[in-house]
Amino acid sequence: MRFEEPILLYGAGREALSTRAFLKASQPDLEVFVTVDSGAADIPDTAFMAPEDIKDAIRAHRFGDIIKSPGVSRYKPVFDIARDAGIAVTSNLNLWGHVFRDGRTVIAITGTKGKSTTATLLHLMLTRSGIDAGLAGNVGVAPLDIADTHAVVIFELSSYQTADMNFLPDIAAVTNLYPEHVDWHGSVERYYHDKLHLIDRDGGFPVALGAPARRNALVAKAIRDPRRLLPDLNSDDQATITAAVARSRLKGAHNLDNALLAAQIARAAGGTLDGIVQGIAAFMPLAHRLEEHNFGGTLFVDDSIATTPEATKAALASYPGQRLALIAGGHEREQDYTELAGLLLGYGVTTLACLPVTGTRLATATRNAAPSIVVLSPPDLETAMQMLHARRDQFDAVILSPGAPSYNQFKNFEERGRRFIELAEALFASPLT
C-alpha cells in the first residue's frame, strides 16, 4: 500500500514506534506528524502536532490518514470529525492486515482475562510441534513488526484492537467476558460489543471458547451458529494436558482452563499432543501474573495485571489453605466488588488493604460481608506494605491483586508490580523472630 498524503500518528507508544518504522521503510519521504493527549511524543522523524490543533488540521486536510494507538479511544469526538472529513482512522493491526494478511494463517485470541497466557501457551505448543508460528499483539511484538515472517501468526488482542479490526482470522478464541475498560468504550454494553466484534462477523471461521465464555449468553449470541465451535478435546488429550499442567508452572484452575483452550486451538492448527505437552512444560509465568517472590519466609505474589474483580478471585483461588493478605483497589472503572467481598473469607483472606479509589467500596462491602477480616485503608501502596509488615504474623502470603487499574497512582500495572516487590524486599527481607 502507498499513502499519498501525510500521516498523523495519534499516540506515541510501542505501536506508534512500530508504525513509524514501517512507514520509514516503505515510504522514506512520507511526511508524518505525531500527537499525544499527555506525556512525551518521542517518535523519530515526526513533526509534533498539539492535540488542540487537530481540528484545524482536519479542516485544512494537512494529513490524509490517522493511525491510532490502541490506548487512544476510538470514540474520541475528533475521530468522528476526521471521518466526516474523509480522513480514515486506522491502526497498526489493520495495516498489517492490509499488507501481510494474505497467505498466512491468523489465530486471534481475546477475552477480559487469560488471553496473554493462552496466546503464549499456544505459541509454545505450535512451535514445539514444529509449526512456524509467530506471536504479536499485546504480547510478543507489535503487529507490523512481525510482518510476513511466519506461516502462522497468533494475535493476542484487547478490546481496543478488536473494536475496529477489519480483517478476518482463520481461528478466533474468547477466554471469558467481564466488565472492563468502561472509560475507553463509554459503557459496559459497548465494551462487550467491541470485544465480541472479533467473532460476531460474517465469514464462518471457527471459534474456540474458554469455560467461562461458554457459559456467557452474549458470547453465545455472537457465535451466531454453534457449528462454528471447534471440536472439544477428546478425554485422553484432556487427561494428558491436565497432568502436564499439574507438573508445570501454571497455577490455579483458571490457568488449567487457559491451557485446555490453547491446546484445543493448537490441535485445530495442526499441533501434536507431544508438542502441546512440551509447550506447557516450557511455559514461564508472565510478568506481574501470579509472579511469586519470597522474602523473610513470607510469600509475595505480584498479580498487578489483575484489573477486574474476576481476576482477583482467580488469583485468590490459586492459593488454597493459606492465610492471605490481599492488597486491592485502584483506578475507578465502575466495577462491582460486592461478590468479591463476600468470597474473601472463604479464600482464606485474613487481612485486606484497600487502596484508593475503588478500595473504599471494597472496604465497605467487606466490613458488611466478613466482619472478622481486618480491613485497612492506607492512602498508597507504601503505607499498605508498612501496615502489613506490622501484622506479618497474621498471614502466610501477601497478594497484590488489585481488581482495578493503576492509573490513579502509577503509570501502569508494571510499575505498580515492581514497586510492590521493591517494598516487599525492603520491609520483609529479615525473617520474623
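Modeller: Helices and strands are taken here as DSSP runs, with at least four residues of H or I for a helix and at least two of E for a strand, and they are numbered from the N terminus. The model is a predicted one, and in it aspartate 53 lies in the loop that links strand 3 (47–48) to helix 2 (54–59). Because its relative accessibility is 37%, aspartate 53 is classed as partly exposed. From aspartate 53 to threonine 35 the C-alpha to C-alpha distance is 9.5 Å, with 18 residues separating them in sequence.

Thr35 belongs to strand 2 (residues 32–35), where Phe33 and Thr35 point one way while Val32 and Val34 point the other way, and all are buried. Strand 2 runs parallel to strand 1 (residues 7–10), to which four bridges join it, and valine 32 of strand 2 is the bridge partner of isoleucine 7.

As for the helix pair, the axes of helix 12 (residues 235–246) and helix 13 (residues 253–268) come within 10 Å and cross at roughly 130°, and the two helices are therefore oblique to each other. Helix 12 passes helix 13 in a right-handed crossing, where helix 12 contributes Asp237, Gln238, Ile241, Thr242 and Val245 to the contact, and helix 13 contributes Leu256, Ala259, Leu260, Ala263 and Arg267. Sorted by class, this contact holds six nonpolar, two polar and two charged residues.

Technical notes:
Residues are numbered from 1 along each chain as its sequence is written. This is a predicted model: local features need pLDDT of at least 70, side-chain atom pairs count only at pLDDT 80 or more; totals for chains, interfaces and linings use all residues. Side-chain values use heavy atoms; hydrogens and water are left out. Axes are lines fitted to C-alpha atoms, for helices over the stretch in contact, and angles run from 0 to 180 degrees between N-to-C directions. Angles under 35 degrees count as roughly parallel, over 145 as roughly antiparallel, 65 to 115 as roughly perpendicular and the rest as oblique. A crossing is left-handed if the near helix is turned anticlockwise from the far one by less than a right angle, and right-handed if clockwise. Contact means heavy atoms within 4.5 Å. Ala, Val, Leu, Ile, Met, Phe, Trp, Tyr, Cys and Pro count as nonpolar, Asp, Glu, Lys and Arg as charged, and the others, Gly among them, as polar. Buried means under 20% relative accessible area, exposed over 50%, partly exposed in between (1.4 Å probe, protein chains only). Two strands pair if DSSP finds at least two bridges between them.
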